[in-house]
Amino acid sequence: MDENEDGHSGMREDGHGDAGGADAGPRPGGPPRIPPPRASVEDTGLPLPEPAAAPGPAPLVLEHRVLKSLLGAWALAACSADETAAVEEHLGHCGSCAEEALRLREAVGLLHPAESLDLDPTLRTRVLTSCLDRRPPRIPVPGWAAPYGAETARLDALLQDIGGSEWHAPVRLRWFEGDAPVSRRTTVAGVIAHLLSVDGLVAVALGLDDPLGGTGAREPTPQDRTEAYWRSTRVPHTRSVRGPWREQSHDLVRTVSFVEEGAPAAGGVAGGEASGRLTVPYGGFDLPLSDSMLDRAFECWVHAGDIADAVDYPYEPPAPRHLHRMIDLAARMLPVALAERRRAGLADRSVRHLVAAGTPGRSLRLEIEGSGGGEWLIPLDSPGAVGSADHEVAHVALDGVEFCRLAAGHVSPEEAAAGQDGDREVIRDVLFAAASLSRM
């Protein structure tokens, strides 16, 4: 190591060693060579500095023609945030675009919200009513045939929406025999085949072609005709059955309209009063033509509900005026059904008061609530007797749709939600008689 003349090594006069000196260090009382940590500004009590603002995106600059083309999307709130800002900035100094934007916003307010694609079930009735008010038909459909026309049209609309595989969806037909419920398993296509074969009873009575053709049934009952038609094909029925059923339904409505009007119908059936004289055989009993058309309308609605349940489709009851006609038919058939159950030993056979036909006798007041409802006095002792409020021994109240479900065999008499008052045995007999109206 080199030494200076005074004998000290590597030291300058100011007391600091050379940069490369091993013993270089701070001078006593001087500033430290490594500064201590700075105090936090939060500890000083001084105000914090404002953060520097991040540079924002440059505003979108668009030409006038582009901004004008965006006005429709802007009115529908379909522009991006940048496009919206650019359009609104442009509207502040462009009068023509501002007027156009105002008109478009008002037009958007007139647009309807999204609605279900399912048609209103009353649409067909309202359209036809409006059309007929303006131009009445030359040969109108009689009132007693209107429910059948309406129910077949509603079922046809339901079938229009059914997919190919849904025609084979399982359906269980239900009805009552005696005091016991019975059922028969089929498909959606099988139900339409059933309606086609039973509606054929009315077609044959009117002189139209029998849909069964050469396929004969042992008895002209609805069940025998249906079983014969089901057996007529080696494979289960498919959606192709809809065409014959639809055509036959139109023919029936058209033909009964001629019958009521007085024109000659198919097969030489005279019109005018023929609708009151013509009867339809059901195998064991007959129904007047007008009542038979109501019966077919009722069964069409019931089985349409079965199909709707099978394919998970909503289905509403008939129009109130049509529902009232169906309920009235069932109420008028109750005395005969009650008498038949007595003869079969299924009802109370003791008739306390023998009454002649056309005279008042013991009665049950049937009160049907809801749309299509009303009140009926049901004679109990004889089908030819007349219901009388003075001889009322019982009172039953049911909802209209619930009563129809009972008459269709879709609910048991014990399960029918009914308000009851009076003779319990009479009430039971009448409720079971209503269930016995059902058939396949």
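Tyr 282 is buried, at 1% relative accessible area (buried means under 20%, exposed over 50% and partly exposed in between, with a 1.4 Å probe and protein chains only). The model is predicted: local features require pLDDT of at least 70, side-chain atom pairs count only at pLDDT 80 or more, and totals for chains, interfaces and linings use all residues. Residues are numbered from 1 along each chain as its sequence is written, and side-chain values use heavy atoms, with hydrogens and water left out.

The structure contains 2 aromatic pairs (rings of Phe, Tyr and Trp, the last by its six-membered ring, with centres within 6.5 Å; planes under 30 degrees apart are stacked, over 60 edge-to-face, the rest tilted). Tyr 282 pairs with Phe 285: the ring centres are 5.2 Å apart and the planes stand at 10 degrees, so this pair is stacked. Phe 285 is partly exposed, at 32% relative accessibility. Phe 298 and Trp 301 form an edge-to-face pair, with 6.0 Å between centres and 80 degrees between planes. Both residues belong to helix 12 (residues 289–310) and lie 3 residues apart, about one turn of the helix. Helices (H or I, at least four residues) and strands (E, at least two) are DSSP runs, numbered from the N terminus. Phe 298 and Trp 301 are both buried.

Charges also sit over rings (NZ of Lys or CZ of Arg within 6 Å of the ring centre and within 35 degrees of the ring normal). The charged end of Arg 105 sits over the ring of Trp 74, 4.2 Å from its centre. The charged end of Arg 428 sits over the ring of Phe 432, at 4.3 Å from the centre.

The largest nonpolar core holds 58 residues (buried Ala, Val, Leu, Ile, Met, Phe, Trp, Tyr and Cys joined through side-chain atoms within 4.5 Å). Helix 13 (residues 320–343) supplies the largest share of this core, 8 residues. Leu 206, Leu 289, Leu 364, Leu 366 and Leu 398 have the most contacts inside the core. Another core, of 28 residues, lies apart from it and includes Cys 300 and Ala 308.
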